[in-house]
Amino acid sequence: MPHPYAWIKLKQSGDQERTVTPRAGHTLTPMSVGFIMYGGMDGRRNDQGNPAPNSDLFILKLGSQQTYEWSPIELDAASQVPPARTLHSAVSTTADEVFVFGGMHSAMPYQSLQDGWVLDTSCMEWKRQHFKAAPTGKQGSSSRRMTGIIQDRAADTMSERRNSSNKGRSSKVRASISMAAGDSRGSVSSMSFASLAGAATRAVHDKRGVRASVGGGMSGALGGGAGSGANGANGSKKWRGILQKKMGTMLQGPARPGGGGMRMRKQPMGMNNNLMATSEEQFHEELVAMVSQTVREDAGPSDVPLPAPRSNHTTCTHENSVVLFGGHGGVGYQRRAWNDTWVLNLDNARWMELFCQGNPPPPRSGHEAFAKDGCIFIFGGWNHDSTFNDLFMLDVENKDWSDVDLAWGVPRWNCSLQLVEAIPAWCVFVFGGTADVNGEGRSGGIFDLRIGVLNLGEELRWNEPEIEMKKLDPKPMPREHSAVCYDPEESRLIIFGGWANKWLDDVWQINVSSIVGPPYAILKVEPPLGPVTGNMQVTIRGVGFNS
């Protein structure tokens, strides 16, 4: 007989001091060591007194007699620590690794993230995931600016420089191009970006405590000029001053044939008199600004494609990749709903935006997602205009969206979802969230407790099984932003935490064996018929058992 489909509140065992504070917006990821709980909001505040998320890391272990135990994770001494976050995503990518992406880092002022982190549970160590640029044969304006001869930059158009400025490489000076016809290369035509970049790199390293000889790195490019002193002679100079000096040396080179040298522009009153009106000055100023960005440890290459900062999105694993959809956020303080799809290749750490055909879901966040048989399914969510209870399917290989046209109940968002292996068809359990019961939109939503079950058989269908409990039996509070996981050994869903106008820290279970069935099944007997006298060998085929 299967266990009743009923809620049971679990009791904490072990050291009561080693517990998790009430919270919402956290994640629970099943791993071999237990369920990894990470992040969330629990009422803590930052130095400015504003609500702030956390980076808490615990293991939830389920015991016998309806008990559980929390164990704080002690990180390896060499481990990095991710920024605190909530409403992020977390998926297991290998037997030992959890991949975390994005989330909200600050509520006031609003700030969402676009970073990736991997937790290696075999040694309990966080590692920052450094995303890489896709190898292409095409070069954008950013790539062209970092190659070739310095004097060749005069051919850059103002539009290219304007585009570059949008990427954080803007110049302090808006210079006009003033070059005469003829050979644009002077006596310093051998000065390439690589030469200046070499000096910049050494100078930046020196600023960070690395012993380097800046002058020696430039002597070849400058023909033994001003930077080629004794070893380490210029090591104590500021890297910005070094760059400006080297570029000033180049700018003071002989005039080009045809009078195409640098001209001084008449300055408005109050302006600095040393502004130069040449394309070289424009490029050099931008070079200083660009190299200054490299001092920031967390700054990534601007040509690396990756999803915009966001939270309340979803990620699913598909083969050897992670598929991200939707969410809420944007660059800076931007707040918008997304409906873009990105795929992270786990072999080379490269993101690729998936441009799909068909009928994609409207932009949304607070939705749920799962992957099954090469497809990603999206359910529910909200944006500034609408709330949803729809179901969409993405065929990843064919890049094709389709509306399944199979709604469950009323629109809901910020719910929890768990995919469960079942026989003969897998099932998806959707718990709680905020539901638009009264048809008033997002502003009128109420916390919910119901569980919907999506059967993934040949014909998809929703069910809402009746809870086998009496009216006065204890039940969880209706809530949103809780975390759910599945214990296959006991065929039970585990619910932890959430928000119900207060932070919650309770742990509940509901046994679903009456819905998903036993973990084994007989599918076929060969031959199907035989003599009544028996003594005939048969072959039994099925799932969930060994011969």
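Which strand does strand E16 pair with, in which sense, and over how many bridges? Strand E16, residues 336–345, pairs with strand E17, residues 350–353, in the antiparallel sense over four bridges; strands here are DSSP runs of at least two residues, marked E and numbered from the N terminus, and two strands pair if DSSP finds at least two bridges between them. Before I go on, please keep in mind that this is a predicted model, in which local features need pLDDT of at least 70 and side-chain atom pairs count only at pLDDT 80 or more, while totals for chains, interfaces and linings use all residues. Residues are numbered from 1 along each chain as its sequence is written, and side-chain values use heavy atoms, with hydrogens and water left out.

Let me stay with that pair of strands for a moment. E16 and E17 form a hairpin with four residues between them, and in the turn Ala 349 has a positive phi of about 60°. Across the pair, Leu 344 stands opposite Trp 351 in E17. Arg 336 lies over the face of Trp 338, at 3.7 Å from the ring centre, and likewise Arg 442 lies over the face of Trp 382, at 3.5 Å from the ring centre; a charge sits over a ring if NZ of Lys or CZ of Arg is within 6 Å of the ring centre and within 35 degrees of the ring normal.

Now to the sheets. Five strands form an open sheet with mixed pairing, in the order E18-E22-E21-E20-E19. Strand E18 (357–358) and E19 stand at the edges, each with a single partner strand, so one side of each is left without a neighbour in the sheet. Within this sheet, E20 (residues 375–382) and E21 (residues 387–395) pair in the antiparallel sense over seven bridges, and Phe 392 in E21 is the bridge partner of Ile 378. Another open sheet, of three strands with antiparallel pairing, has the order E23-E26-E27, and its edge strands are E23 (412–413) and E27 (446–447), each of which pairs on one side only.

Turning to the aromatic residues, the structure holds 14 aromatic pairs, where rings of Phe, Tyr and Trp (its six-membered ring) pair if their centres lie within 6.5 Å, and planes under 30 degrees apart count as stacked, over 60 as edge-to-face and the rest as tilted. One of them is the tilted pair of Tyr 38 and Trp 126, at 5.1 Å centre to centre with 55° between the planes. Tyr 38 lies in strand E4 and Trp 126 in strand E12, so the pair ties together parts that are 88 residues apart in sequence. Both Tyr 38 and Trp 126 are buried, where buried means under 20% relative accessible area, exposed over 50%, and partly exposed in between (1.4 Å probe, protein chains only). Trp 499 and Trp 503 form a tilted pair as well, at 4.5 Å centre to centre and 55° between the planes; Trp 499 is partly exposed, with a relative accessible area of 25%, and Trp 503 is partly exposed too, at 30%. Finally for this part, Phe 58, Tyr 68, Trp 70 and Phe 496 form one aromatic cluster.
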